[in-house]
Amino acid sequence: SVSLVQGTSDDSPDNSSIDVEQGAHEFQLPVTLENNTDVNIASASTLTLQNALHLNGTTLTKMGGGTLSIRNDFSTGGGALTVAEGTVSGGGTVGGDLSNVGGTIAPGNSPGVLTVDGNLTNSSGGTIAIEIEGTGGAGKADGHDQIQVTGSSTLAGTLDITTGAYADPTTRATRESFTLISSAGGSTGTFDTVNYNGTELTTSHQGNGLFRNVAYGDNDVSLDNLLALEGDADGDADIDITDFNVLAANFDSAGANAETNNWTTADFDSDGDVDITDFNFLAANFADSGYLAPANNQVPEPGTLILLLIGAAFVWTWQSLRRR
């Protein structure tokens, strides 16, 4: 193995340092840190750790615009990896805390799983980059990247999602979910910015009933892509009185608001108006307990059925008055 002993530098006189000025390099033997160490990797350069790196209770700080690639384990002994600049990637294990203050964490090797055997912190200046190739599962060639954390996660900063071969669902009543970060010890905070293929995700509805959401659970952060069933105006995977209220509030059989009518105003057939045809979609697909499982269509409860009948009478009356 290689043991790194204390060195000196102008910036960090108490730290050892590894400098990669250009090119791609590898450590193929196990490495043990004896004291805190700065790894400065120049832009467009790479240092790959093919074998175990024992943090040994120290802090390894990634600096420079290049990439530190983890192919094996940052083994036992505790410690921390701090990403100050550049990128940390790979599908190995960080045997300690991982803190991203100003760089990018890019799990996997197109795609793959990066394990953090400690706590994960992504600060406001940090980015987590996730690649999705398909629905095959975490770490699979036709799946997606994932970070698995044995401790807790604290999140801020930027989530940057890119897709390769993956395409959005094309069959209605289909939701495709991807667990991006799994934290056994719990997850707190949310990302300040979410980008999807280079565009900031500022609204969930993407058009024609496609809803894209980043969901924050107690232990997981996931991406949900839902191609909603006609009648689900708010994209919550059920069709209920809330969706009817959206239709009633935006009823526009003449298409006076054609320029702004869309799925979220209950224009489910995208013809520029909100009329009895859209109501019929809602009534036929009514599923106030959800339409994804176990069945798409459910019989409304009596009270809700009465409301729908009143609603049907309302829209028919509205149409009759408009014709006069």
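Guide: A residue counts as buried when its relative accessible area is under 20%. Keep that cut-off in mind as we look around this model, which is predicted.

Visitor: Happy to! Is Asn-122 buried or exposed?

Guide: Asn-122 sits in strand S17, which spans residues 120–122. Its relative accessibility is 1%, and the cut-off is under 20%. Asn-122 therefore counts as buried.

Visitor: Let me step back to the whole chain. What share of the residues is buried?

Guide: The chain is built with 3 helices and 28 strands. Of its 324 residues, the buried share is 47%.

Visitor: Now the helices. How are H1 and H2 oriented to each other?

Guide: Two packed helices are described by the angle between their axes and the distance between the axes. Here H1 (residues 241–249) and H2 (residues 276–284) pack with axes 11 Å apart, at an angle of about 175 degrees. Angles over 145 degrees fall in one class, so H1 and H2 are roughly antiparallel.

Visitor: How many charged residues does the contact of H1 with H2 have?

Guide: H1 contributes Asp-243, Phe-244 and Leu-247, while H2 contributes Asp-278, Phe-279 and Leu-282. Sorted by class, the contact has 4 nonpolar residues and no polar ones, and the number of charged residues is 2.

Visitor: What is the geometry of the aromatic pair Tyr-166 and Phe-178?

Guide: The structure holds 4 aromatic pairs, and in this one the ring centres are 5.2 Å apart with 85 degrees between the planes. Tyr-166 lies in the loop between strands S21 (158–163) and S22 (174–183), and Phe-178 lies in S22, 12 residues apart. Tyr-166 is buried at 8% relative accessibility, as is Phe-178 at 2%. Planes over 60 degrees apart set the class, and the pair is edge-to-face.

Visitor: How many degrees lie between the planes of Trp-263 and Phe-268?

Guide: Both partners are buried, Trp-263 with a relative accessible area of 3% and Phe-268 at 3% as well. Their pair is edge-to-face, 5.2 Å centre to centre, and the angle between the planes is 75 degrees.

Visitor: How far apart in space are Pro-111 and Gln-146, C-alpha to C-alpha?

Guide: Pro-111 belongs to the loop between strands S15 (104–107) and S16 (113–116), and at 7% relative accessibility it counts as buried. Beyond four places in sequence, the residues it touches include Lys-140, His-144 and Asp-145. Gln-146 is 35 residues from Pro-111 in sequence, and the C-alpha to C-alpha distance is 8.3 Å.

Key:
Residues are numbered from 1 along each chain as its sequence is written. This is a predicted model: local features need pLDDT of at least 70, side-chain atom pairs count only at pLDDT 80 or more; totals for chains, interfaces and linings use all residues. Side-chain values use heavy atoms; hydrogens and water are left out. Axes are lines fitted to C-alpha atoms, for helices over the stretch in contact, and angles run from 0 to 180 degrees between N-to-C directions. Helices (H or I, at least four residues) and strands (E, at least two) are DSSP runs, numbered from the N terminus. Angles under 35 degrees count as roughly parallel, over 145 as roughly antiparallel, 65 to 115 as roughly perpendicular and the rest as oblique. Contact means heavy atoms within 4.5 Å. Ala, Val, Leu, Ile, Met, Phe, Trp, Tyr, Cys and Pro count as nonpolar, Asp, Glu, Lys and Arg as charged, and the others, Gly among them, as polar. Rings of Phe, Tyr and Trp (its six-membered ring) pair if their centres lie within 6.5 Å; planes under 30 degrees apart count as stacked, over 60 as edge-to-face and the rest as tilted. Buried means under 20% relative accessible area, exposed over 50%, partly exposed in between (1.4 Å probe, protein chains only).
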